[in-house]
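Here are my notes after a look through this one. Have the model open while you read.

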Amino acid sequence: MDPLTIGILAAVLVIFLLATGMPVAFGLGLTSVIFLVLFEGIDSLSIIADTFFAGIGEFSLVSIPMFIVMGAAVASSPAGKDLFEALERWLTRVPGGLIISNIGACSVFAALSGSSPATCAAIGKMGIPEMQKRGYPDSLATGSIAAGGTLGILIPPSVTMIVYGISTETSIGRLFLAGVFPGLLLTTLFMVWAIFYAWRRGYDFRSAVGAYSWRQKFEILPRVLPFLAIIIGILFVLYGGVATPSEAAGVGALFCLILVAAIYKIVQPRKIWEILSSSTRESVMILMIIGSSALFAYTLSSLFVTQSVAEYIAGLDVNRWVLMFMINIFLLVAGFFLPPVAVIVMTAPILLPIITAVGFDPYWFAVILTINMEIGLITPPVGLNLYVINGIAPEISLPTILKGALPFMICMVVGILILCVFPEIATWLPNEVMGR
Amino acid sequence: MTKFVSFINVLSRIFGVFSAALVASAILVVCQMVVMRYVLNASTVWQTEYVTYAIVAATFMGSPYVLLVKGHVNVDLLPHYLGGGARKALAIFASLLALAFCSVIAWQSYEFFYEAYDGGWETDSVWALPLWIPYLPMVLGLSLLCVQYVAEILSTAFDLAPQTEGSTISDGGRD
């Protein structure tokens, strides 16, 4: 059978299996097993254990559980509340200061925790009631938190970027750097929209000013700055070849555990166990998907599907921006139904050869892909962040939350467009720091 | 049958605790390695391999526990729109499909493990770790995963409530 037809059949089978509600990891694995047996015979199964094992058994993947532990440690503490408080105390006199505090706290916390739902919960619990109290519309309060929470998969250190780096064999250090300015760009777009919306609705910013003494402004800093130092420290040691991502992540995880113990007295065995068990669950889930996607990628490539699809698309000779547009639509739809990690491991090995063949930068593409995944996090039906917010602010209806999130989705699309016009926003920093 | 299901659930939880302990040990070893390398400028022998295999072992051994606490991510759109009976039937069907894959890979992992053991395979580092050691958790974890799936199917089919009896042990978590 022609490899392209095999590819289409494989895609149909994956969609069918995943629609039954079976776990993504086992759906990908079953598809691989079926196609190997059908096209290469039963003996070809002898490689599956080795391929699965090798897919997980890589030192760079060690960074995933480490970053997750780091995030879980931070998320288990009231660090999110303090982060929000600190920004609010310092920015209260700036018009729209509360909005800036909310989204800013989201972006910092999201970077630390790397988890969108954890960010929404941690910042939202404080931020949403505070915004309501000062008369901001409900939809704006929830929308800005939902959108702010998604930034964690773009701003380094990001587990999503690590997964992209592993599945496309690109440098994780470069990917982290590529995410920095686009992350700031989206943060700014979110803030600008939120302030503009509040202003247009006739919101009186002066009514939102709280009074804080200098003492209050400074006393909160020792609880917040160490966490910022960890992010900066991790980025710092990653460059210049000081340490590998796994080493940086391991040390970051230990530091965060020590910090939450020192600052927030989180030392009870029960709490520590909760941090460890929730991180273990999350990393087992991600690594099982990575293992089975290694098997899936092996299957597609041994049946020449990957190569044929890339050749076929290159042969179509469409304009590369039309191609990019179609890829974006495809990713967006995939992101509506699947979590970011699953979309990346399934599509990146197939998409990357196409992307580079038509002359796009793989690091720039990682950013575009990630923003598409962020949109998926705040759109139904999966839209994890929307449900988290519904959980912490049950008095606000889901349609209101959704309506509030919509403009922020548009901000992300605008962000993608800006990055298409100025790809340097993503590529300049990695090229500058690590050379071309 | 309830006894069988609760026994398997307890076993999966024990595997889960072991898996979390492996993750914790990996963090400590990474930090020890960083100190050795960058502070003491000493060379490290076994750390990189230990950490890599500890995470692999944690993944396979933790997998049945993650299944028990419904942590393996899936697309629950269709089940969401189905009514009671149809949803139950679909859940059993999906679990059978997953069990099919898990059995194949559990069986293959045993073959792979046996080959490594029989052939005396070692890692090609200075440490020269016998490879059957990191392969063993794969066999154990995937085998228990299959049995856990059987338990899941039984408890869905006969409406046993496996979550209530073991829930004194905290699941922690973000859900």
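1. First a term for what follows: buried area is the accessible area, taken with a 1.4 Å probe, that two parts lose on being put together, summed over both. On that count, chain A and chain B bury about 5200 Å² between them, and 78% of this lies on carbon and sulfur atoms. Bear in mind that this is a predicted model.

2. How many residues of each chain are in contact across the interface? On chain A there are 59, and they meet 63 residues of chain B. Of the area that chain A buries against chain B, 16% is supplied by A:F26, A:F53 and A:R281, more than any other three residues.

3. A:E247 and B:R37 form a salt bridge, with 2.6 Å between the closest N and O atoms. As for polar contacts, 4 residue pairs across the interface of chain A and chain B qualify, both residues being at pLDDT 80 or more.

4. Which helices of chain A build the side that touches chain B? At least two residues each come from α1 (3-19), α2 (24-40), α3 (48-56), α4 (63-75), α13 (245-264) and α14 (269-302). The most comes from α14(A), which gives 15 residues. Sorted by type, the residues on this side of chain A are 40 nonpolar, 12 polar and 7 charged.

5. Now the packing. The largest nonpolar core has 206 residues, and A:F26 and A:F365 have the most contacts inside it. Helix α10 of chain A (residues 172-200) is the top contributor to this core, with 14 residues. There is also a second, separate core of 6 residues, with B:V5, B:F15, B:L144 and B:A151 among them.

6. Not counting residues up to four places away in sequence, A:F26 touches A:M288 in chain A, and in chain B it touches B:S63, B:H72, B:A98, B:F101, B:C102, B:L145 and B:Y149.

7. Last, A:N372, in helix α18 of chain A (residues 362-377). Is A:N372 buried or exposed? Buried, because its relative accessibility is 1%, and the cut-off for buried is under 20%. Setting aside neighbours within four places in sequence, A:N372 is in contact with A:N328, A:L331, A:L332 and A:I416.

Terms used:
Residues numbered from 1 in each chain as written. Chains lettered and ligands numbered in written order. Predicted model: local features only at pLDDT ≥ 70, side-chain atom pairs only at ≥ 80, totals over all residues. Heavy atoms only, no water. Core = buried A, V, L, I, M, F, W, Y, C linked by side-chain atoms within 4.5 Å. Buried < 20%, exposed > 50% of the residue type's maximum accessible area, 1.4 Å probe, protein only. Helix = DSSP H or I, 4+ residues; strand = E, 2+ residues; numbered from the N terminus. Contact = heavy atoms within 4.5 Å. Salt bridge = Lys/Arg side-chain N within 4 Å of Asp/Glu carboxyl O. Polar contact = N/O pair within 3.5 Å; in protein donor to acceptor, adjacent residues only side chain to side chain. Nonpolar A, V, L, I, M, F, W, Y, C, P; charged D, E, K, R; others polar.
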